[in-house]
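Here is a short briefing on one protein chain. Look over the sequence and the model first, then read the points below.

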Amino acid sequence: MLDEKDLQAIAQLIDAKLDQKLAQQKVEIMHEVGALIEVDVIPRFNLLADGQKLIQEKMLPAEARDETEERLDVLEAVVKRHSREIENLKKAQ
């Protein structure tokens, strides 16, 4: 019959085997996660980066935006002035 020392030795062997099995599973899982990232996640990030690059290329630089805003302000003022002049001309008829 098994005594307490034998049972402890068996428990230690089981623990060692379990630890080894868990370590092996951890390595396998990490390889699978790495493969998933390489196959699925990285290409998606690359697509996002390409889309962002296209957006940045199409955006006006800050200087051009400032110039465009200034031109719009001038055009808006001219349209308002012309609208008033047209109204005055209509009233004068």
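**Two helices, no strands**

I10 sits in helix α1, which covers residues 4-58. The model is predicted. The protein chain has two helices and zero strands. Buried residues account for 0% of its 93 residues.

**Overall dimensions**
- The radius of gyration of the protein chain is 37 Å, whereas a compact globule of 93 residues would have one near 12 Å.
- Along the principal axes, the C-alpha atoms fill a box of roughly 125 × 25 × 20 Å.
- E76 belongs to helix α2, residues 62-92.
- I10 and E76 are 66 residues apart along the chain, and their C-alpha atoms are separated by 89 Å.

**Exposure**
- The protein chain exposes about 9,100 Å², and carbon and sulfur atoms supply 60% of that area.
- I10 counts as partly exposed because its relative accessibility is 36%, between the 20% and 50% cut-offs.
- E76 is also partly exposed, at 46% relative accessibility.
- D73, in helix α2, has 51% relative accessibility and so counts as exposed; the cut-off is over 50%.

**Surface patches**
- D73 is part of a negative surface patch with E63, D66, E67, E69 and E70.

**Charge**
- The protein chain carries 14 positive and 20 negative side chains.
- The centres of these two sets lie 11 Å apart.

Methods: Residues numbered from 1 in each chain as written. Predicted model: local features only at pLDDT ≥ 70, side-chain atom pairs only at ≥ 80, totals over all residues. Heavy atoms only, no water. Helix = DSSP H or I, 4+ residues; strand = E, 2+ residues; numbered from the N terminus. Buried < 20%, exposed > 50% of the residue type's maximum accessible area, 1.4 Å probe, protein only. Patch = residues over 30% accessible without salt bridge, like charges linked within 9 Å, V, L, I, M, F, W, Y side chains within 5 Å. Areas by Shrake-Rupley, 256 points an atom, 1.4 Å probe, with all protein chains shown as cover. Salt bridge = Lys/Arg side-chain N within 4 Å of Asp/Glu carboxyl O. Lys, Arg positive; Asp, Glu negative; His and termini not counted. Charge placed at Lys NZ, Arg CZ, Asp CG, Glu CD. Rg over C-alpha atoms; globule rule 2.2 N^0.38 Å.
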